[in-house]
Amino acid sequence: MDTTENTAIIADHISMKFNLAQERTEALKEYVIKKIKRQLHYTEFYALRDVSFSLKKGGSLGIIGRNGSGKSTLLKCIAGVMFPTKGTVTVTGSIAPLIELGAGFDPELTAKENVYLNGAVLGHDRAFMNERFDEIIDFAELWEFVDVPVKNYSSGMYARLGFAIATEIKADVLICDEILSVGDMAFQQKCRKRMEELLSGGTTLLYVGQDPQTVEEMCAEALWLDHGRVREYGDSYKVCGAYMDYLDEIS
Amino acid sequence: MAKSSFRIEGKTALGHFLTYRPLIHELVTRDLKVKYRRSFLGYVWSVLNPLLMMCLQAWVFTVIFKSNIENYPLYLIIGNTLYTFFSESTTISMNSIISNAGLIKKVYIPKFILPISSVVSSLVTTLFSFAAIVIVMIITRAPVHWTILLVWFPLLSMFLFNCGVGMILSGLTVYFRDMQHLYGVVTLALMYATPIFYSIDAMTPEVQFMIRLNPIYHYINLFRCLIMIGGVPGPNTWFACIASATVTMIIGLMVFRKLQKNFLLHI
Ligand SMILES: Nc1ncnc2c1ncn2[C@@H]1O[C@H](COP(=O)(O)OP(=O)(O)OP(=O)(O)O)[C@@H](O)[C@H]1O
Ligand SMILES: [Mg+2]
(Lines give C-alpha, C1' and ligand atoms only; values in the text may rest on other atoms or scores of the structure.)
(Ligands and ions follow the chains in the order given, each with its own letter.)
Protein backbone atom coordinates (compact mmCIF):
# COMPACT_ATOMS: atom_id res chain seq x y z
CA MET A 1 0.00 0.00 0.00
CA ASP A 2 1.16 3.48 -0.83
CA THR A 3 2.09 5.30 2.34
CA THR A 4 4.09 8.19 0.95
CA GLU A 5 3.68 11.75 2.10
CA ASN A 6 1.28 12.50 -0.69
CA THR A 7 -1.62 10.38 0.47
CA ALA A 8 -4.55 12.12 2.07
CA ILE A 9 -6.59 9.08 3.09
CA ILE A 10 -5.60 5.49 3.68
CA ALA A 11 -8.30 2.99 4.58
CA ASP A 12 -6.61 -0.24 5.52
CA HIS A 13 -8.81 -3.34 5.60
CA ILE A 14 -11.66 -1.76 7.50
CA SER A 15 -14.68 -3.72 8.65
CA MET A 16 -17.67 -2.35 10.51
CA LYS A 17 -19.84 -4.69 12.50
CA PHE A 18 -23.20 -3.72 13.97
CA ASN A 19 -24.96 -5.72 16.63
CA LEU A 20 -28.55 -5.68 15.61
CA ALA A 21 -30.14 -6.42 18.95
CA GLN A 22 -33.41 -8.20 18.53
CA GLU A 23 -34.91 -6.07 21.21
CA ARG A 24 -33.14 -2.98 22.33
CA THR A 25 -32.47 -3.02 26.02
CA GLU A 26 -32.57 0.55 27.05
CA ALA A 27 -34.07 -0.20 30.42
CA LEU A 28 -31.63 -0.98 33.17
CA LYS A 29 -33.81 -3.65 34.77
CA GLU A 30 -34.30 -5.53 31.53
CA TYR A 31 -30.60 -5.40 30.79
CA VAL A 32 -29.65 -6.86 34.16
CA ILE A 33 -32.26 -9.61 33.96
CA LYS A 34 -31.25 -10.55 30.46
CA LYS A 35 -27.58 -10.45 31.25
CA ILE A 36 -28.15 -12.82 34.14
CA LYS A 37 -30.30 -15.14 32.07
CA ARG A 38 -27.77 -14.85 29.23
CA GLN A 39 -30.54 -13.80 26.92
CA LEU A 40 -28.76 -10.96 25.22
CA HIS A 41 -28.82 -12.19 21.67
CA TYR A 42 -27.47 -10.17 18.85
CA THR A 43 -27.45 -10.71 15.15
CA GLU A 44 -24.10 -9.69 13.83
CA PHE A 45 -24.24 -7.61 10.74
CA TYR A 46 -21.30 -6.37 8.72
CA ALA A 47 -21.98 -3.06 7.04
CA LEU A 48 -18.40 -3.03 5.74
CA ARG A 49 -16.11 -5.97 5.13
CA ASP A 50 -12.43 -5.61 4.49
CA VAL A 51 -12.57 -2.34 2.57
CA SER A 52 -9.25 -0.84 1.53
CA PHE A 53 -8.33 2.11 -0.62
CA SER A 54 -5.95 5.02 -0.65
CA LEU A 55 -6.39 8.45 -2.05
CA LYS A 56 -3.71 10.95 -3.04
CA LYS A 57 -3.73 14.56 -1.91
CA GLY A 58 -5.83 16.46 -4.40
CA GLY A 59 -7.34 13.24 -5.71
CA SER A 60 -11.01 12.45 -6.04
CA LEU A 61 -12.79 9.22 -5.29
CA GLY A 62 -16.43 8.47 -5.98
CA ILE A 63 -18.22 5.79 -4.00
CA ILE A 64 -21.18 4.09 -5.60
CA GLY A 65 -23.45 1.24 -4.67
CA ARG A 66 -27.06 0.46 -3.99
CA ASN A 67 -28.98 1.61 -0.90
CA GLY A 68 -27.64 0.04 2.25
CA SER A 69 -24.38 -1.04 0.68
CA GLY A 70 -22.37 0.83 3.31
CA LYS A 71 -21.42 4.07 1.57
CA SER A 72 -22.39 6.40 4.39
CA THR A 73 -20.91 4.01 6.94
CA LEU A 74 -17.59 4.14 5.12
CA LEU A 75 -17.66 7.93 5.14
CA LYS A 76 -18.44 7.94 8.86
CA CYS A 77 -15.40 5.79 9.55
CA ILE A 78 -13.24 8.14 7.53
CA ALA A 79 -14.65 11.25 9.17
CA GLY A 80 -13.95 9.77 12.60
CA VAL A 81 -17.61 9.69 13.56
CA MET A 82 -17.44 5.91 14.02
CA PHE A 83 -14.56 3.62 14.86
CA PRO A 84 -14.24 0.69 12.47
CA THR A 85 -14.46 -2.69 14.20
CA LYS A 86 -11.33 -3.81 12.40
CA GLY A 87 -8.71 -2.04 10.34
CA THR A 88 -7.38 1.48 10.46
CA VAL A 89 -8.09 4.79 8.81
CA THR A 90 -5.42 7.43 8.41
CA VAL A 91 -6.33 10.91 7.30
CA THR A 92 -3.77 13.67 6.82
CA GLY A 93 -5.16 17.16 7.10
CA SER A 94 -8.45 18.70 8.19
CA ILE A 95 -11.80 17.24 7.14
CA ALA A 96 -15.08 18.92 6.27
CA PRO A 97 -17.71 16.18 6.32
CA LEU A 98 -21.20 16.39 4.85
CA ILE A 99 -22.60 13.00 5.70
CA GLU A 100 -26.19 12.20 4.78
CA LEU A 101 -26.79 15.82 3.78
CA GLY A 102 -26.53 17.41 7.19
CA ALA A 103 -23.54 19.05 8.67
CA GLY A 104 -24.64 18.67 12.26
CA PHE A 105 -26.90 21.68 12.53
CA ASP A 106 -29.00 22.52 15.53
CA PRO A 107 -32.59 22.81 14.28
CA GLU A 108 -33.52 25.42 16.89
CA LEU A 109 -30.80 27.83 15.80
CA THR A 110 -30.89 30.24 12.87
CA ALA A 111 -28.69 29.92 9.82
CA LYS A 112 -26.40 32.58 11.19
CA GLU A 113 -25.96 30.83 14.53
CA ASN A 114 -25.48 27.50 12.82
CA VAL A 115 -22.68 28.91 10.69
CA TYR A 116 -20.74 29.72 13.85
CA LEU A 117 -21.64 26.45 15.52
CA ASN A 118 -20.66 24.42 12.49
CA GLY A 119 -17.45 26.39 12.12
CA ALA A 120 -16.58 25.71 15.75
CA VAL A 121 -17.30 22.02 15.28
CA LEU A 122 -14.69 22.06 12.54
CA GLY A 123 -12.28 23.88 14.82
CA HIS A 124 -12.69 27.51 13.72
CA ASP A 125 -13.45 30.50 15.91
CA ARG A 126 -15.83 33.38 15.31
CA ALA A 127 -13.23 35.67 13.78
CA PHE A 128 -12.42 33.05 11.16
CA MET A 129 -16.09 32.49 10.35
CA ASN A 130 -16.87 36.22 10.27
CA GLU A 131 -14.42 36.67 7.41
CA ARG A 132 -16.26 34.04 5.40
CA PHE A 133 -19.80 34.65 6.53
CA ASP A 134 -20.95 36.81 3.59
CA GLU A 135 -19.56 34.40 1.02
CA ILE A 136 -21.27 31.47 2.71
CA ILE A 137 -24.71 33.07 2.65
CA ASP A 138 -24.11 34.44 -0.86
CA PHE A 139 -23.28 31.01 -2.14
CA ALA A 140 -26.21 29.36 -0.39
CA GLU A 141 -28.50 32.21 -1.57
CA LEU A 142 -30.09 32.36 1.85
CA TRP A 143 -29.94 36.05 2.76
CA GLU A 144 -33.70 36.14 3.09
CA PHE A 145 -33.68 33.31 5.62
CA VAL A 146 -30.55 34.12 7.55
CA ASP A 147 -32.45 34.68 10.80
CA VAL A 148 -34.88 31.79 10.46
CA PRO A 149 -34.33 28.65 12.56
CA VAL A 150 -33.12 25.92 10.24
CA LYS A 151 -35.88 23.59 11.40
CA ASN A 152 -38.11 25.66 9.13
CA TYR A 153 -35.86 25.14 6.12
CA SER A 154 -36.63 22.97 3.15
CA SER A 155 -34.26 20.04 2.69
CA GLY A 156 -32.68 21.76 -0.29
CA MET A 157 -32.01 24.92 1.70
CA TYR A 158 -30.55 22.85 4.49
CA ALA A 159 -28.20 21.10 2.09
CA ARG A 160 -27.17 24.41 0.51
CA LEU A 161 -26.15 25.88 3.82
CA GLY A 162 -24.17 22.77 4.75
CA PHE A 163 -22.41 22.69 1.42
CA ALA A 164 -21.64 26.40 1.49
CA ILE A 165 -20.00 26.17 4.93
CA ALA A 166 -18.07 22.99 4.21
CA THR A 167 -16.61 24.35 1.00
CA GLU A 168 -15.98 27.88 2.21
CA ILE A 169 -13.72 26.90 5.10
CA LYS A 170 -11.36 25.21 2.64
CA ALA A 171 -10.58 22.04 4.53
CA ASP A 172 -7.98 19.65 3.11
CA VAL A 173 -10.47 16.84 2.61
CA LEU A 174 -14.08 17.38 1.56
CA ILE A 175 -16.53 14.55 2.14
CA CYS A 176 -19.83 14.84 0.26
CA ASP A 177 -22.66 12.35 0.70
CA GLU A 178 -25.61 12.63 -1.69
CA ILE A 179 -25.28 16.39 -1.65
CA LEU A 180 -26.49 16.86 -5.21
CA SER A 181 -29.62 14.79 -4.79
CA VAL A 182 -31.77 17.44 -3.10
CA GLY A 183 -30.59 20.68 -4.68
CA ASP A 184 -32.38 22.08 -7.72
CA MET A 185 -30.69 21.97 -11.14
CA ALA A 186 -29.19 25.43 -10.84
CA PHE A 187 -27.73 24.67 -7.45
CA GLN A 188 -26.42 21.30 -8.59
CA GLN A 189 -24.52 23.06 -11.36
CA LYS A 190 -23.14 25.53 -8.86
CA CYS A 191 -22.05 22.76 -6.50
CA ARG A 192 -20.31 20.87 -9.26
CA LYS A 193 -18.49 23.97 -10.32
CA ARG A 194 -17.45 24.65 -6.77
CA MET A 195 -16.19 21.11 -6.30
CA GLU A 196 -14.21 21.30 -9.52
CA GLU A 197 -12.68 24.58 -8.38
CA LEU A 198 -11.70 23.07 -5.07
CA LEU A 199 -10.22 20.03 -6.76
CA SER A 200 -8.05 22.13 -8.99
CA GLY A 201 -7.01 24.04 -5.88
CA GLY A 202 -5.67 20.87 -4.29
CA THR A 203 -8.58 19.74 -2.09
CA THR A 204 -9.10 16.01 -1.78
CA LEU A 205 -12.65 14.93 -2.57
CA LEU A 206 -14.58 11.93 -1.38
CA TYR A 207 -17.92 11.88 -3.10
CA VAL A 208 -20.93 9.61 -2.73
CA GLY A 209 -23.64 9.78 -5.34
CA GLN A 210 -26.46 7.71 -6.69
CA ASP A 211 -25.87 8.78 -10.26
CA PRO A 212 -22.90 6.91 -11.80
CA GLN A 213 -22.83 9.41 -14.66
CA THR A 214 -22.07 12.29 -12.31
CA VAL A 215 -19.54 10.26 -10.35
CA GLU A 216 -17.76 9.40 -13.55
CA GLU A 217 -17.55 13.05 -14.56
CA MET A 218 -16.56 14.35 -11.13
CA CYS A 219 -14.09 11.78 -9.89
CA ALA A 220 -10.93 10.27 -11.28
CA GLU A 221 -11.35 7.04 -9.35
CA ALA A 222 -14.37 5.14 -8.14
CA LEU A 223 -15.14 2.42 -5.66
CA TRP A 224 -18.21 0.21 -6.00
CA LEU A 225 -19.56 -1.17 -2.75
CA ASP A 226 -21.83 -4.19 -2.78
CA HIS A 227 -23.20 -5.43 0.55
CA GLY A 228 -20.27 -3.87 2.34
CA ARG A 229 -17.61 -5.39 0.12
CA VAL A 230 -15.55 -3.75 -2.58
CA ARG A 231 -16.91 -5.04 -5.86
CA GLU A 232 -14.71 -2.93 -8.09
CA TYR A 233 -12.17 -0.22 -7.48
CA GLY A 234 -10.11 1.78 -9.91
CA ASP A 235 -10.51 4.16 -12.78
CA SER A 236 -13.93 5.80 -12.48
CA TYR A 237 -14.77 5.34 -16.16
CA LYS A 238 -14.33 1.59 -15.86
CA VAL A 239 -16.02 1.15 -12.45
CA CYS A 240 -19.01 3.35 -13.26
CA GLY A 241 -19.42 1.58 -16.58
CA ALA A 242 -19.52 -1.78 -14.85
CA TYR A 243 -21.96 -0.43 -12.27
CA MET A 244 -24.29 0.89 -14.99
CA ASP A 245 -24.21 -2.45 -16.74
CA TYR A 246 -25.10 -4.10 -13.44
CA LEU A 247 -28.00 -1.69 -12.89
CA ASP A 248 -29.31 -2.41 -16.39
CA GLU A 249 -29.08 -6.10 -15.71
CA ILE A 250 -31.09 -6.10 -12.48
CA SER A 251 -33.82 -3.72 -13.59
CA MET B 1 -6.21 24.66 12.37
CA ALA B 2 -7.69 21.34 13.45
CA LYS B 3 -5.52 18.61 12.08
CA SER B 4 -7.82 15.58 12.11
CA SER B 5 -7.05 15.33 15.77
CA PHE B 6 -9.01 12.15 16.44
CA ARG B 7 -6.25 10.20 14.80
CA ILE B 8 -3.74 11.37 17.34
CA GLU B 9 -4.51 8.82 20.02
CA GLY B 10 -2.11 10.24 22.56
CA LYS B 11 -3.66 13.68 22.49
CA THR B 12 -4.60 14.73 25.98
CA ALA B 13 -7.93 15.97 27.20
CA LEU B 14 -6.30 19.34 27.73
CA GLY B 15 -5.07 19.47 24.15
CA HIS B 16 -8.56 18.79 22.85
CA PHE B 17 -9.92 21.34 25.24
CA LEU B 18 -7.74 24.06 23.74
CA THR B 19 -8.44 23.13 20.10
CA TYR B 20 -12.17 23.06 20.70
CA ARG B 21 -12.47 26.14 22.88
CA PRO B 22 -14.51 27.93 20.18
CA LEU B 23 -16.88 24.97 20.20
CA ILE B 24 -17.45 25.21 23.95
CA HIS B 25 -18.10 28.91 23.49
CA GLU B 26 -20.66 28.24 20.76
CA LEU B 27 -22.38 25.45 22.67
CA VAL B 28 -22.72 27.59 25.78
CA THR B 29 -24.06 30.53 23.78
CA ARG B 30 -26.53 28.21 22.13
CA ASP B 31 -27.73 26.75 25.44
CA LEU B 32 -28.31 30.19 26.91
CA LYS B 33 -30.05 31.46 23.79
CA VAL B 34 -32.38 28.50 23.61
CA LYS B 35 -33.06 28.72 27.32
CA TYR B 36 -34.06 32.36 27.34
CA ARG B 37 -35.34 32.87 23.82
CA ARG B 38 -39.00 32.33 24.53
CA SER B 39 -39.24 33.89 27.95
CA PHE B 40 -40.35 37.46 28.36
CA LEU B 41 -38.21 38.32 31.35
CA GLY B 42 -35.20 36.39 30.07
CA TYR B 43 -32.16 36.61 32.29
CA VAL B 44 -34.17 38.32 35.02
CA TRP B 45 -35.62 34.91 35.85
CA SER B 46 -32.21 33.71 36.96
CA VAL B 47 -32.32 36.33 39.71
CA LEU B 48 -36.03 36.38 40.41
CA ASN B 49 -36.48 32.65 40.67
CA PRO B 50 -34.02 32.05 43.54
CA LEU B 51 -35.39 35.09 45.38
CA LEU B 52 -38.95 33.83 45.22
CA MET B 53 -37.83 30.37 46.21
CA MET B 54 -35.92 31.74 49.18
CA CYS B 55 -38.88 33.83 50.37
CA LEU B 56 -41.14 30.81 50.30
CA GLN B 57 -38.68 28.60 52.15
CA ALA B 58 -37.73 31.29 54.64
CA TRP B 59 -41.39 31.69 55.50
CA VAL B 60 -42.02 27.95 55.77
CA PHE B 61 -39.01 27.24 57.94
CA THR B 62 -39.05 30.26 60.23
CA VAL B 63 -42.80 30.46 60.79
CA ILE B 64 -43.73 26.80 60.75
CA PHE B 65 -40.55 25.01 61.86
CA LYS B 66 -39.11 27.85 63.98
CA SER B 67 -35.61 27.68 62.62
CA ASN B 68 -33.18 29.89 64.52
CA ILE B 69 -30.17 30.14 62.22
CA GLU B 70 -28.65 33.60 62.04
CA ASN B 71 -29.49 35.56 58.88
CA TYR B 72 -31.59 32.68 57.69
CA PRO B 73 -32.53 34.23 54.30
CA LEU B 74 -28.87 34.53 53.33
CA TYR B 75 -28.12 31.06 54.68
CA LEU B 76 -30.95 29.65 52.60
CA ILE B 77 -30.26 31.41 49.36
CA ILE B 78 -26.58 30.40 49.33
CA GLY B 79 -27.48 26.77 49.93
CA ASN B 80 -30.20 26.85 47.33
CA THR B 81 -28.17 28.58 44.65
CA LEU B 82 -25.24 26.22 44.98
CA TYR B 83 -27.39 23.12 45.19
CA THR B 84 -29.33 24.23 42.12
CA PHE B 85 -26.00 24.62 40.33
CA PHE B 86 -25.23 21.00 41.13
CA SER B 87 -28.62 19.53 40.29
CA GLU B 88 -29.24 21.63 37.19
CA SER B 89 -25.81 21.18 35.64
CA THR B 90 -25.70 17.43 36.21
CA THR B 91 -29.23 16.98 34.88
CA ILE B 92 -28.47 18.92 31.70
CA SER B 93 -25.14 17.25 31.09
CA MET B 94 -26.73 13.87 31.72
CA ASN B 95 -28.83 14.41 28.58
CA SER B 96 -26.13 16.21 26.63
CA ILE B 97 -25.00 13.25 24.52
CA ILE B 98 -28.51 12.21 23.57
CA SER B 99 -29.73 15.71 22.84
CA ASN B 100 -26.71 16.38 20.64
CA ALA B 101 -27.07 13.12 18.74
CA GLY B 102 -27.67 15.06 15.53
CA LEU B 103 -24.25 16.62 15.90
CA ILE B 104 -22.13 13.62 16.80
CA LYS B 105 -23.72 11.46 14.13
CA LYS B 106 -22.41 13.82 11.48
CA VAL B 107 -19.08 15.17 12.59
CA TYR B 108 -16.23 14.18 14.82
CA ILE B 109 -15.94 16.09 18.06
CA PRO B 110 -14.38 14.93 21.30
CA LYS B 111 -17.51 13.79 23.08
CA PHE B 112 -16.58 14.98 26.57
CA ILE B 113 -16.96 18.55 25.31
CA LEU B 114 -20.74 18.05 25.49
CA PRO B 115 -21.21 17.30 29.22
CA ILE B 116 -18.54 19.87 30.11
CA SER B 117 -20.12 22.65 28.09
CA SER B 118 -23.47 21.88 29.75
CA VAL B 119 -21.87 22.48 33.13
CA VAL B 120 -20.32 25.70 31.82
CA SER B 121 -23.75 26.91 30.64
CA SER B 122 -25.17 26.15 34.04
CA LEU B 123 -22.27 27.95 35.71
CA VAL B 124 -23.11 31.07 33.70
CA THR B 125 -26.74 31.01 34.89
CA THR B 126 -25.50 30.43 38.42
CA LEU B 127 -23.28 33.50 38.18
CA PHE B 128 -26.31 35.52 37.06
CA SER B 129 -28.24 34.32 40.07
CA PHE B 130 -25.47 35.46 42.40
CA ALA B 131 -27.13 38.82 41.96
CA ALA B 132 -29.91 37.40 44.13
CA ILE B 133 -27.39 36.64 46.89
CA VAL B 134 -26.10 40.20 46.70
CA ILE B 135 -29.64 41.53 46.90
CA VAL B 136 -30.32 39.49 50.02
CA MET B 137 -27.03 40.69 51.57
CA ILE B 138 -28.06 44.28 50.98
CA ILE B 139 -31.60 43.85 52.27
CA THR B 140 -30.50 41.99 55.42
CA ARG B 141 -27.62 44.44 55.91
CA ALA B 142 -25.16 41.59 56.14
CA PRO B 143 -21.59 42.73 56.83
CA VAL B 144 -19.19 42.28 53.92
CA HIS B 145 -16.01 40.41 54.80
CA TRP B 146 -12.81 40.40 52.76
CA THR B 147 -13.08 36.60 52.57
CA ILE B 148 -15.82 37.07 49.99
CA LEU B 149 -12.95 37.37 47.53
CA LEU B 150 -12.21 33.67 48.03
CA VAL B 151 -15.60 32.33 46.99
CA TRP B 152 -14.20 31.32 43.60
CA PHE B 153 -12.52 28.41 45.35
CA PRO B 154 -15.62 26.48 46.48
CA LEU B 155 -17.24 27.44 43.19
CA LEU B 156 -14.37 26.05 41.15
CA SER B 157 -14.34 22.88 43.24
CA MET B 158 -18.04 22.44 42.67
CA PHE B 159 -17.58 23.08 38.96
CA LEU B 160 -15.04 20.27 38.68
CA PHE B 161 -17.19 17.98 40.80
CA ASN B 162 -20.22 18.65 38.59
CA CYS B 163 -18.18 18.00 35.45
CA GLY B 164 -17.08 14.64 36.80
CA VAL B 165 -20.58 13.60 37.83
CA GLY B 166 -22.00 14.95 34.56
CA MET B 167 -19.58 12.92 32.45
CA ILE B 168 -20.39 9.69 34.28
CA LEU B 169 -24.14 10.29 34.04
CA SER B 170 -24.10 11.33 30.38
CA GLY B 171 -22.14 8.24 29.44
CA LEU B 172 -24.38 5.86 31.34
CA THR B 173 -27.59 7.47 30.07
CA VAL B 174 -26.70 6.62 26.48
CA TYR B 175 -26.90 2.95 27.40
CA PHE B 176 -29.68 3.11 29.98
CA ARG B 177 -32.27 5.73 29.23
CA ASP B 178 -34.26 5.18 32.41
CA MET B 179 -31.46 6.83 34.37
CA GLN B 180 -33.18 10.07 33.39
CA HIS B 181 -36.25 9.21 35.44
CA LEU B 182 -34.29 7.86 38.35
CA TYR B 183 -32.06 10.90 38.67
CA GLY B 184 -34.88 13.25 39.65
CA VAL B 185 -35.39 11.19 42.80
CA VAL B 186 -31.66 11.03 43.47
CA THR B 187 -31.27 14.81 43.36
CA LEU B 188 -34.23 15.22 45.68
CA ALA B 189 -32.80 12.72 48.17
CA LEU B 190 -29.39 14.43 47.98
CA MET B 191 -31.03 17.76 48.60
CA TYR B 192 -32.41 16.51 51.92
CA ALA B 193 -29.05 14.99 52.74
CA THR B 194 -27.39 18.38 52.27
CA PRO B 195 -27.77 21.06 54.95
CA ILE B 196 -29.56 23.64 52.84
CA PHE B 197 -32.42 24.70 55.06
CA TYR B 198 -31.16 23.13 58.28
CA SER B 199 -27.85 23.34 60.07
CA ILE B 200 -25.45 20.46 60.56
CA ASP B 201 -25.01 21.45 64.21
CA ALA B 202 -28.57 20.40 64.99
CA MET B 203 -27.82 16.82 63.99
CA THR B 204 -26.59 13.87 66.05
CA PRO B 205 -22.87 13.02 65.68
CA GLU B 206 -23.68 9.96 63.56
CA VAL B 207 -25.75 11.99 61.12
CA GLN B 208 -23.09 14.70 61.08
CA PHE B 209 -20.53 12.10 60.08
CA MET B 210 -22.76 10.95 57.23
CA ILE B 211 -23.31 14.48 56.00
CA ARG B 212 -19.58 15.12 55.92
CA LEU B 213 -19.21 12.32 53.39
CA ASN B 214 -21.26 14.38 50.96
CA PRO B 215 -18.90 16.64 48.96
CA ILE B 216 -21.66 19.14 48.21
CA TYR B 217 -21.91 19.90 51.93
CA HIS B 218 -18.29 21.03 51.95
CA TYR B 219 -18.65 23.37 48.97
CA ILE B 220 -21.74 25.01 50.44
CA ASN B 221 -20.26 25.15 53.91
CA LEU B 222 -17.05 26.83 52.73
CA PHE B 223 -19.03 29.28 50.63
CA ARG B 224 -21.18 30.22 53.62
CA CYS B 225 -18.17 30.59 55.91
CA LEU B 226 -16.48 32.95 53.47
CA ILE B 227 -19.54 35.15 53.02
CA MET B 228 -21.42 35.00 56.33
CA ILE B 229 -18.78 34.43 59.00
CA GLY B 230 -15.83 36.07 57.36
CA GLY B 231 -13.32 33.61 58.80
CA VAL B 232 -11.10 31.25 56.93
CA PRO B 233 -11.89 27.68 58.04
CA GLY B 234 -9.16 25.17 58.81
CA PRO B 235 -7.25 23.24 56.14
CA ASN B 236 -9.58 20.22 56.39
CA THR B 237 -12.45 22.02 54.69
CA TRP B 238 -10.25 23.26 51.87
CA PHE B 239 -8.75 19.85 51.42
CA ALA B 240 -12.16 18.16 51.39
CA CYS B 241 -13.26 20.54 48.60
CA ILE B 242 -10.30 20.22 46.30
CA ALA B 243 -9.76 16.49 46.87
CA SER B 244 -13.38 15.47 46.23
CA ALA B 245 -13.48 17.69 43.14
CA THR B 246 -10.27 16.39 41.60
CA VAL B 247 -11.00 12.75 42.33
CA THR B 248 -14.51 12.99 40.87
CA MET B 249 -13.21 14.75 37.78
CA ILE B 250 -10.55 12.09 37.19
CA ILE B 251 -12.99 9.23 37.70
CA GLY B 252 -15.43 11.01 35.38
CA LEU B 253 -12.85 11.30 32.61
CA MET B 254 -11.84 7.67 32.97
CA VAL B 255 -15.38 6.30 32.99
CA PHE B 256 -16.39 8.53 30.10
CA ARG B 257 -13.44 7.46 27.99
CA LYS B 258 -14.48 3.83 28.44
CA LEU B 259 -18.14 4.46 27.69
CA GLN B 260 -17.78 6.77 24.69
CA LYS B 261 -16.48 4.14 22.28
CA ASN B 262 -19.87 2.75 21.35
CA PHE B 263 -22.03 5.86 21.72
CA LEU B 264 -22.73 5.98 18.02
CA LEU B 265 -24.33 2.54 18.06
CA HIS B 266 -26.80 3.51 20.77
CA ILE B 267 -28.07 6.96 19.91
N1 LIG C 1 -26.05 2.65 13.67
C2 LIG C 1 -26.39 1.55 12.98
N3 LIG C 1 -26.84 0.46 13.61
C4 LIG C 1 -27.16 -0.65 12.93
N5 LIG C 1 -27.08 -0.76 11.61
C6 LIG C 1 -26.65 0.29 10.91
C7 LIG C 1 -26.29 1.51 11.55
N8 LIG C 1 -25.89 2.39 10.59
C9 LIG C 1 -26.01 1.75 9.42
N10 LIG C 1 -26.46 0.50 9.59
C11 LIG C 1 -26.67 -0.49 8.53
O12 LIG C 1 -25.55 -0.52 7.70
C13 LIG C 1 -25.94 -0.72 6.34
C14 LIG C 1 -25.28 0.32 5.47
O15 LIG C 1 -25.86 1.58 5.72
P16 LIG C 1 -25.39 2.89 4.99
O17 LIG C 1 -26.14 4.03 5.57
O18 LIG C 1 -23.92 2.95 5.04
O19 LIG C 1 -25.87 2.62 3.50
P20 LIG C 1 -25.70 3.57 2.24
O21 LIG C 1 -24.85 2.83 1.25
O22 LIG C 1 -25.24 4.91 2.64
O23 LIG C 1 -27.18 3.63 1.70
P24 LIG C 1 -27.95 4.83 0.96
O25 LIG C 1 -27.60 4.74 -0.48
O26 LIG C 1 -29.38 4.52 1.18
O27 LIG C 1 -27.53 6.10 1.58
C28 LIG C 1 -27.45 -0.67 6.32
O29 LIG C 1 -27.93 -2.00 6.17
C30 LIG C 1 -27.83 -0.13 7.67
O31 LIG C 1 -29.01 -0.74 8.12
MG1 LIG D 1 -26.13 6.86 2.71
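Good morning. I begin with two helices of chain A: helix α5, residues 155–168, packs against helix α6, residues 185–200, at an angle of about 15°, and their axes are 11 Å apart. Please keep in mind that this is a predicted model. Angles under 35 degrees count as roughly parallel, and α5(A) and α6(A) are therefore described as roughly parallel to each other. As for handedness, the crossing in which α5(A) passes α6(A) is left-handed.

Which residues make this contact? From α5(A) come R160(A), F163(A), A164(A), T167(A) and E168(A). On the side of α6(A), they meet F187(A), C191(A), R194(A), M195(A) and L198(A).

I turn next to the cysteines. How many disulfides does the structure hold over all chains? The count is zero. A disulfide is a covalent bond between the sulfur atoms of two cysteines. Let us take C219(A) as an example. The closest cysteine sulfur to that of C219(A) belongs to C240(A) and lies 7.7 Å away, which is too far for a bond; the cut-off for a disulfide is 2.5 Å. Is C219(A) buried or exposed? With a relative accessibility of 4%, C219(A) counts as buried, because the limit for that class is under 20%. In chain B, C55(B) has a relative accessibility of 44% and counts as partly exposed.

My next topic is backbone geometry. Two residues deserve mention here. D50(A) is not a glycine, and yet its phi is positive, at about 55°. Where is D50(A) found? This residue belongs to strand β2 of chain A, which covers residues 42–56. Its relative accessible area is 47%, so D50(A) is classed as partly exposed.

The second case is R141(B), which also is not a glycine and has a positive phi of about 55°. R141(B) sits in a loop of chain B, between α7 (113–139) and α8 (152–175). With a relative accessible area of 75%, R141(B) is exposed.

Finally, let me point out D201(B). In chain B, the loop between α9 (179–192) and α10 (205–212) is the place of this residue. D201(B) has a relative accessible area of 63% and is therefore exposed, since the class begins over 50%. What separates D201(B) from N68(B)? Along the chain the two are 133 residues apart, while their C-alpha atoms are separated by 12 Å.

Thank you for your attention.

Conventions: Residues are numbered from 1 along each chain as its sequence is written. Chains are lettered from A and ligands numbered from 1 in the order in which they are written. This is a predicted model: local features need pLDDT of at least 70, side-chain atom pairs count only at pLDDT 80 or more; totals for chains, interfaces and linings use all residues. Side-chain values use heavy atoms; hydrogens and water are left out. Axes are lines fitted to C-alpha atoms, for helices over the stretch in contact, and angles run from 0 to 180 degrees between N-to-C directions. Helices (H or I, at least four residues) and strands (E, at least two) are DSSP runs, numbered from the N terminus. Angles under 35 degrees count as roughly parallel, over 145 as roughly antiparallel, 65 to 115 as roughly perpendicular and the rest as oblique. A crossing is left-handed if the near helix is turned anticlockwise from the far one by less than a right angle, and right-handed if clockwise. Contact means heavy atoms within 4.5 Å. Buried means under 20% relative accessible area, exposed over 50%, partly exposed in between (1.4 Å probe, protein chains only).
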